[in-house]
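I set out to go through this structure and keep short notes on what I looked up. The entries follow below.

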Amino acid sequence: MKKHLLKTFSIVTTVVLLTTTFSGCGKQSSEAQQQKSSAPVKFSIMMDDSGRVLKEDDPVIKEVEKKTNTKLDVSLVAPSEFSNKLNVMVSSGSLPDMVRINGYNASQYIPQGVFLDLTSYIDKYGSNIKKAIPKEAWESTKYNGKIYSIPTVNYTGKYNFFVRQDWLDNLGLKAPTTIDELTDMLTKFTFNDPDKDGKNDTFGYSQESEINADGSNFRAAFAALFGPFGVMPGMTQLKDGKLYYGSITPEYKDAVEYIAKLYKQKLIDPDIFITKTDQAKQKLVQSKSGSFTGWWSTGSQVLMDQMKMNQVNPKAKWSVISPIKGKSGESGMPSNGLVAGTINVSSKCKNPEEVVKFIDYLLSDEGAWLTHAGIKGVHYTEKDGKFEKRTPEGEKAMNEKWLDVLSQFAPRIDIAMEGIYKVNNPTYWPYIQVARDAKQYKDVFEGITTSESQTYKADLQKLEVDWFTKFVTGKEPISKFDDYVKQWKDKGGKQMIDSFIKEYNKRHGTNYTAGN
Amino acid sequence: MFGVIIAFKNFNFLDGIWGSKWVGLTNFKRFLLNGDFWIVFKNTIIISMLRVAFGFPIPIIFALLLNEIRSQKFKKVVQTISYLPHFISWVVVSGILFTIFSSDGMLNKLIETLGGHSVTSFLSNANYFRSFLVGTAIWKELGWSAIIYLAALSGVDPQLYEAGIMDGTNRAQQLWHITIPSIRNVISIMFVLNFANVLNAGFDQVLVLINPAVSGVAEIIDYYIYRVGILQVNNYSYATAVGLFKSVLSLALVLITNWGAKKIDEEGAIW
Amino acid sequence: MVAKVDRGKIHIFDVINVLIMIIVCILMIYPFIYLLIISISPISEVMKSNIILIPKKISFDSYKYVLRYAGVGSAYKVTIFITVVGTLISLIMTALGAYVLTIKDLPGRNLFLTLVIITMIFNGGLIPSYMVVKQLHMINQVWALIIPNAINTFWMIVMRNFFQSIPVSLSESARIDGCSEYKILLKIILPLSLPIIATLALFYAVSLWNTYFNAILYINSKKLQPLQVLIRSMYDQGSQGVQSDTLPPPAETIRAATIMIATLPILCIYPFLQKYFAQGIMVGAVKG
């Protein structure tokens, strides 16, 4: 017995010794390296990993460092823990020089003096930055008229309505354009055996990702069905000088009633509220459902998975159709917001000019091509001054997910999409075009956060999804809609909307009032 | 520890923990007067108590049964297999549960094959969801929780059994008069300590299994903290206050059970 | 032990008991088998059906893909380091803490116990914890993954309880013989507590092996990220958008393979610890 313990102990000590020696070595060599180079500026960067992975001695990052005479310390954080990490770093004063924050989340920190006012530096050193970012994005991220955030933009149109083309063909149907045609299609997809396997095993409509219990994303799952009713939950629209919050309007009630009717007739996957993202995708690939609302990017991944299983289902073919039109012509998909995220500089940063120069390089054509496609000639080839294709080496780097790490820090949507994606993925490019060009519902309060919204929004979102689920699954009759609206207003909804309107009027010098 | 003072402040990053303004009990008032919170509170208590009532004794029974297995090899194999589910994260387990319990999952297919009527999914049925949570949690942690009792059982002096045999006792009597008294202390201390974490009610599990159809019965305090606290920076103090409330309650539970345990046996209590 | 005593007679109880254990085994092993099969199946099979019992074709592509992933090697090194060193440190600290609390006439023992319980129930939250680690200059060091959680107070109290069950007469007679407290702990208490030490070694090792959140919080450098962080990012990427027509092996099989790669090594330690669970292991020690 003692012998065993001794043996274990000696193994343990050996491992400890080995590992400590090892880690000792690593440290020395990196220090030595730093001394050799000719005093480059050191920057630390933190961002959400966006599915990328850091590679030691990543040649693309090395190249960026060479061009900008910098030494970068990039850290990628898992998206689910990003806000935790950011919070602890902010409050302990150990924020890196630059952080990339998603959406408008930076606005919560700016009033607290966490980030630096960059206005003057951008005027001086940021010509490429100014060129790359549209005015609207600048306006929506300014704080008290000053630039604390460098916004990066995305296509506002991301949602597509995906439909099984081969099912339509089997049933002799045309792509639906009106609500009635949609209902007809969903009914036939459910009951008329669209996959011709003799089994009643299909649904008309399902989803591509799970519906969160906190209410943050049920709009996305049902967007194609809300669109024709002229309303999007959670989005406020301006009509005749008045502002209407979507989730409590009569139009919303009509939409919910319609969805509930479809659900009752089992045209919608009865498990839609409980299905997790993985299973949702699997259902689509297994041909259990005939339509869904999806981002062009994730939607097209479903399509690709499906292509991989051609031997399973050679006939499966998805197509993207224009949003369904409502009774008086309303249609559209929710806008995903122009601002994808912001680059913010710590107020403790020692050399803001250098930081802005560095970001300016990343957003310049030369810098952006380098961060998005890799090194010319090594990772991709050019033809007539345009991107031609990835080299095998570039392909490998892409699959290993380290090729375009910095493109996620300072993205240029024009280069990422029209420059590269369009050439690389001719099959899916049309989907993006449909999504990009579709009519969109835009939230007039996009980018506005008030202390009221921070207090009440979480609970209101939850309230909305709870009632929506009850209405749709038939647990509560739609006649209780007024009770729901009253509850919504009583629980802080009124205060939240009023605070939004106040802030909106302040920013735009308007004098709108609440419509509902 | 000193971080709990955030609960009595309006925390902001500029001023830090010490510099932020004191707001007294404002944060506590906000949730104590909030109707939603009490639903969450009720869910937490129900789920926690179910976990204690079933999740606590079952691993002990399992350990005792396993201890009665004659073949040492079989015993080791069972022991090793029984703790496998502990290593699979809830995210993965939820996917597997879905293939079994969804409307067109394995369970319903089985029922249909046997000629029965398919039932609505456990995952969306608010009446069964809490039992479903507790049941799957027991399944996942059964073998793992039993390890500590197996360790205790291995400390029982075999001479006691030999003496028992000579007195002509049967196995049931040995179990009752020798085995259980020998591990009684461990059972007791585990029971008391259990209450320190009981109000966590399995956050990881709830986080992946909760869905809009059942959130009315499944939302627990930790999920509430996550929902209102993590997503909104301004709610940091509020979330801390809710957390503090939960901790005070846990402490009270530990003190009460400890007092009870001490009444029964001095050695089985913490203090 | 029981087997020895009752040899020969097979009761109806034994039959039922074995049957119960077999059912438990089937229920428990199902998810593992499920993942194992998915991890070695070609994707078309996995996509076609949720339930596969026997793989039609075996392919290790997904394992190859995961192991080629940048940084798996260094992540393994970090994880093995924190598991081995951390378990050792944790066991030493826990044993010391537990032993002190068994001494009946320790001044302020109840106060210490109360403090221990309070830290078990209350925690200061993320920001204060981070600041403590930062002030100890442990940010971006593997020690930040070992030291802050070195003692699990729950298990310390359980260990104390085991120590207490050792007859007091043993340590008292040693004390009379002039043994120091350290010697009593080392020579008398610990050898008599092998089952609980093995148990805690297992618990600590597994929780250190699964270090995830602390690593996200305290570690910035990619080189020092433990395995679980890498595994989680690989796992999450199953649902990320893609930018190219050529795809690596599909998400489901990769995920199953990453879980296997991350879990199998730590699963292997239990059988080694099991021998300390054999009944009667302490008899000799008590007599000698």
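I placed Lys196(A) in the loop between helix H8 (179-191) and helix H9 (218-226) of chain A, helices being DSSP runs of H or I of at least four residues, numbered from the N terminus. Lys196(A) is not a glycine, yet I found a positive phi of about 55 degrees there, and its relative accessible area of 55% makes it exposed (exposed is over 50%, buried under 20%, partly exposed in between, with a 1.4 Å probe and protein chains only).

I note that this is a predicted model, in which local features need pLDDT of at least 70, side-chain atom pairs count only at pLDDT 80 or more, and totals for chains, interfaces and linings use all residues. Residues are numbered from 1 along each chain as its sequence is written, chains are lettered from A and ligands numbered from 1 in the order in which they are written, and side-chain values use heavy atoms, with hydrogens and water left out.

I then turned to Ala201(B), in the loop between H10 and helix H11 (203-209) of chain B, which has a positive phi of about 50 degrees although it is not a glycine; Ala201(B) is buried, with a relative accessible area of 2%.

The buried residues of H11(C) include Ile184(C), Leu185(C), Ile188(C) and Ile189(C).

Technical notes
Helix = DSSP H or I, 4+ residues; strand = E, 2+ residues; numbered from the N terminus.
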